[in-house]
Each structure stands twice: as C-alpha cells, then as structure tokens.
Amino acid sequence: MNTRERLELSLRHCEKIRHELLFSYGWISSELIDEQWVRNLEQDEMKKERVSAFCARFGKFQDYLSDKVIRLWLEAVGEHVGTALENYSVAERAGILEIPSEQMVEIRSIRNRLAHEYIENTREFTADINAVIRITPMLFATLDKLVNHYRAVMTKQKPLLN
C-alpha cells in the first residue's frame with residue numbers, strides 16, 4: 001500500500017473516530033463543568049462513565065490525528081517527518097493547525113493526564129476537561145483543513161472521505 005492509500009485509509013478511520021467523539025462531545029459540551037460538578041461525579045456512575053468515554057474518545061482522536069494522519073500527510077505532500085513538534089510546525093506553516101504547534105504538545109499532556117490519572121485534584125481535572133471541550137472543535141477543524149489541503153495539493157479526483 002502506498003502513502004496515498006495509507007493516508008486515505010487513515011483519514012476514513014479518523015473520521016469514524018471523530019463520529020464517536022462527536023457523540024460524547026455533544027452532551028459534555030452542554031454541561032457547566034466546575035469543581036462541584038467534578039466532585040459530584042463520585043455519586044453519579046452514569047455521568048462518570050460518560051466522562052470517561054469522552055476522555056478516551058478525545059485521546060483516541062488526538063492520538064490518531066497527531067501520530068498517524070499528520071505524519072502520513074507530511075509523507076504524502078513530500079515533507080520531512082520529524083518529531084511531533086516539528087510535524088506540528090510544518091502543519092502550522094501550511095495553515096492546517098487551528099492551534100499553535102506548541103499548544104498541540106500541551107494537548108498531549110492534558111490527554112495523558114485525563115487518560116492515565118484518576119481524579120485526585122478537582123481543580124486540575126476541571127481545567128483539563130474544560131480545555132479539552134474548547135480544543136475538540138479546533139481538532140475537528142484541523143482534520144478538515146488537512147483533508148482540504150491534501151485534496152488541493154495532491155488530487156483533483158474523488159473525495160477522500162466517503
């Protein structure tokens with residue numbers, strides 16, 4: 001399978017992950033999340049499960065976009081694939097990123113905290129959840145821009161995402 005085929009397959013897969021994340025994002029983005037809301041999670045197993053699903057889906061989307069899609073996009077457009085920050089910088093210069101490249105590295109730290117740490121500090125958890133809620137639409141827009149850039153640069157043929 002060549003780079004273009006791998007990228008197209010990865011874009012389709014990323015779109016499926018986005019669809020799952022959109023489901024969780026829909027409900028959590030309508031919540032007013034403050035420290036009391038986070039403390040109340042201990043008494044609401046269903047809501048705690050939904051928060052966990054949102055965090056997992058966000059992590060999966062962020063990982064796949066950063067570690068797979070952006071790297072394959074760089075290969076497909078003939079750019080050097082480097083460290084995550086270098087890759088983000090190239091994407092930022094190309095107008096793909098909705099978030100500054102340095103902030104993309106911080107997003108990974110937030111994602112790691114949400115995925116691997118239990119709620120110990122309600123203030124930090126509240127800040128992290130709210131940051132992820134704000135960031136999610138920007139990551140969606142980044143994927144859309146990447147697809148549009150790839151279409152414009154690499155092909156005038158069929159759409160990549162079916």
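A: A84 lies in helix α4. With a relative accessible area of 35%, A84 is partly exposed. Please keep in mind throughout that this is a predicted model.

Q: How far apart are A84 and S101 in sequence and in space?

A: Two separations can be given for such a pair, one along the chain and one through space. A84 and S101 are 17 residues apart in sequence, while their C-alpha atoms lie 9.0 Å apart in space.

Q: Where is S101 found, and is S101 buried or exposed?

A: S101 is found in helix α5. This residue is buried because its relative accessible area is 0%, and the cut-off for a buried residue is under 20%.

Q: Which residues of helix α4 are buried?

A: The general idea concerns how a helix turns. An α-helix has 3.6 residues a turn, so residues three or four places apart point the same way. In the present case, helix α4 covers residues 84-93, and its buried residues are N87, Y88, S89, V90 and A91. The cover over the buried residues of α4 includes α3 and α5.

Q: What does Y88 touch?

A: Y88 is found in helix α4 and is buried, its relative accessible area being 2%. Leaving out residues up to four places away in sequence, Y88 touches Q62, S66, I70, L97, S101, M104, V105 and R108. The side chains of Y88 and S66 are joined by a polar contact of 3.0 Å.

Q: Where is S66 placed, and which residues is S66 in contact with?

A: S66 has its place in helix α3. This residue counts as buried because its relative accessibility is 5%. With neighbours within four places in sequence left aside, S66 is in contact with R71, Y88, M104 and R108.

Q: Which members of the largest nonpolar core touch the most other members?

A: One may read a core by its members and then by the elements that supply them. The largest nonpolar core has 48 residues, and V51, F61, V69 and I129 touch the most other members. At least two residues of this core come from each of α1 (3-28), α2 (35-40), α3, α4, α5 and α6 (122-154). Helix α3 gives the most, with 13 residues. As for I129, its contacts beyond four places in sequence are I28, I33, V51, C55 and L114.

Q: How much space lies in the largest pocket, and which residues are closest to its centre?

A: Rolling a probe the size of a water molecule over the atoms shows where empty space is left. In this structure, about 230 Å³ of space lies in the largest pocket. Its lining has 13 residues, of which K48, S52, L114, I119 and F125 are closest to the centre. The elements that give two or more residues to this lining are α3 (45-76) and α5 (101-116). Helix α3 gives the most to the lining, with six residues. Sorted by class, the lining has nine nonpolar, one polar and three charged residues.

Q: Is S30 buried or exposed, and what does its side chain reach?

A: S30 has its place in the loop between α1 and α2. At 59% relative accessibility, S30 counts as exposed, since the cut-off for an exposed residue is over 50%. The side chain of S30 reaches the backbone oxygen of W27 at 2.7 Å. In terms of separation, S30 and R151 are 121 residues apart in sequence and 34 Å apart in space, C-alpha to C-alpha.

Note on methods: Residues are numbered from 1 along each chain as its sequence is written. This is a predicted model: local features need pLDDT of at least 70, side-chain atom pairs count only at pLDDT 80 or more; totals for chains, interfaces and linings use all residues. Side-chain values use heavy atoms; hydrogens and water are left out. On a 1 Å grid over the protein atoms alone, a cavity is a set of points where a 1.4 Å probe fits but cannot get out, and a pocket is an open set with protein on both sides within 12 Å along at least five of seven lines; lining residues have an atom within 4 Å of a point. Grid points are joined across faces, edges and corners, and a volume is the space filled by probe spheres set on the points. Helices (H or I, at least four residues) and strands (E, at least two) are DSSP runs, numbered from the N terminus. Ala, Val, Leu, Ile, Met, Phe, Trp, Tyr, Cys and Pro count as nonpolar, Asp, Glu, Lys and Arg as charged, and the others, Gly among them, as polar. Buried means under 20% relative accessible area, exposed over 50%, partly exposed in between (1.4 Å probe, protein chains only). Contact means heavy atoms within 4.5 Å. A nonpolar core is a set of buried Ala, Val, Leu, Ile, Met, Phe, Trp, Tyr and Cys residues joined through side-chain atoms within 4.5 Å. A polar contact is a pair of N or O atoms within 3.5 Å; within protein, one must be able to donate a hydrogen and the other to accept it, and residues adjacent in sequence count only if both atoms are side-chain atoms.
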